[in-house]
Amino acid sequence: MMKAREIMTKDVVTIRGSATVAEAVKLMKEKGLRALVVEPRHEMDPYGLVTETDIIYKVAAFGHDPKKMHVYEIMTKPCVVVNPELGVEYVARLFAQTRIRRAPVIQGSLLGIISISDILRKSDFVERPKSNFELYCEENPSAIEARIYED
Amino acid sequence: MMQADEIMTKDVVTVRGSATVADAVKLMKEKGLRALIVEPRHDQDPYGIVTETDIIYKVAAFGHDPKKMRVYEIMIKPCVIVSPDLGVEYVARLFAQTRIRRAPVIQGKELLGIISISDILFKSDFVEKPKRLFIEDEIEIAREEARAVCAEKGSNSPECAVAWDVVEELQAEASHQRKKAQAS
């Protein structure tokens, strides 16, 4: 199974929660990104995420002035984070169940960001789809043998 | 206000509902697209859409084989469609209220393009020219409130003056928006 680490986007940009939404949009336009990671303020602070959806749904849709609104007002924090070793099929399942489309990949520090676009474009779910049973067998190699002997 | 057809992506690709999901993924990878439009089958048939979210949530998340699943099993049809002359702020509002991120732009029966939250983010002027959509409604309410305050506290009271200041500020903002709209 491919892992989150193999298909994540390593080019990730962070922003402070106190920045204005206009600054976030400028950064996203410059870097061609759909989301920015909000860095923890201290060791005990969780990671956050601000996406294009947050900006369009919560600012543009109301005609609020992005220069007068701040990232902390619209960000998702704490956000769902993904372990770099998590299998791509499990990332897809996690995203479907939590109704999200991207999450930072974190192990100790911020390693990258993984999105449904990464899964669509870079993973092998078309060439090698994995059913629950196949996933289970990958993790428990003895499962197939156990089934045979039970019969 | 900018219109949907000014910022939409004109490079739009269609797929048949009977195509396999694997074919759809191949097409999306080749063209670098996040969604495909499902063409109506006949005059009375509505437009549909299949997005990367549909594919990841409904196929990849379950380990289903994309070669054995069809677009019609996971597409959204009928889908929300946008008129080319709809203001960008209203598109944002529509998307937020229906929790969607993209929609085909259609005039009559003709597919003109596709508009997404990325188009709004990257191409619209919502940062430079934020537009309060319902400022006339806000003015109406501020006026009613000012009248009520003045009736209660007296027309020479400071509260009454403050309440009318609010109305004037809103009116100034509205005329500012109108001027900007005319200039653009």
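**Figure 1. The disulfide of Cys150(B) and Cys160(B) in the predicted model.** The sulfur atoms of Cys150(B) and Cys160(B) lie 1.9 Å apart; a disulfide is a pair of cysteine sulfur atoms within 2.5 Å. Cys150(B) belongs to helix α7 (residues 135–153) of chain B and Cys160(B) to helix α8 (residues 158–183) of chain B, so the link joins parts that are 10 residues apart in sequence. Helices (H or I, at least four residues) and strands (E, at least two) are DSSP runs, numbered from the N terminus. The angle about the S-S bond is 90°, and the link of Cys150(B) and Cys160(B) is right-handed. Both Cys150(B) and Cys160(B) are buried, where buried means under 20% relative accessible area, exposed over 50%, and partly exposed in between (1.4 Å probe, protein chains only). Over all chains, the structure holds one disulfide.

Figure 2. Pro78(A) sits in the loop between α4 (71–74) and α5 (88–98) of chain A.

**Figure 3. Positive phi at Arg99(A) and Arg99(B).** Arg99(A) is not a glycine, yet its phi is positive, near 55°. The residue lies in the loop between α5 and β4 (102–107) of chain A. With a relative accessible area of 59%, Arg99(A) is exposed. Arg99(B), likewise not a glycine, has a positive phi of about 55° and is found in the loop between α5 and β4 (102–107) of chain B. Its relative accessibility of 59% makes Arg99(B) exposed.

**Figure 4. The fold of chain B.** Chain B has eight helices and five strands, in the order α-β-α-β-β-α-α-α-β-β-α-α-α along the sequence. Its C-alpha atoms fill a box of roughly 75 × 35 × 30 Å along the principal axes. Buried residues make up 47% of the 184 residues in chain B.

**Notes.** Residues are numbered from 1 along each chain as its sequence is written, and chains are lettered from A and ligands numbered from 1 in the order in which they are written. In this predicted model, local features need pLDDT of at least 70, side-chain atom pairs count only at pLDDT 80 or more, and totals for chains, interfaces and linings use all residues, while side-chain values use heavy atoms, with hydrogens and water left out.
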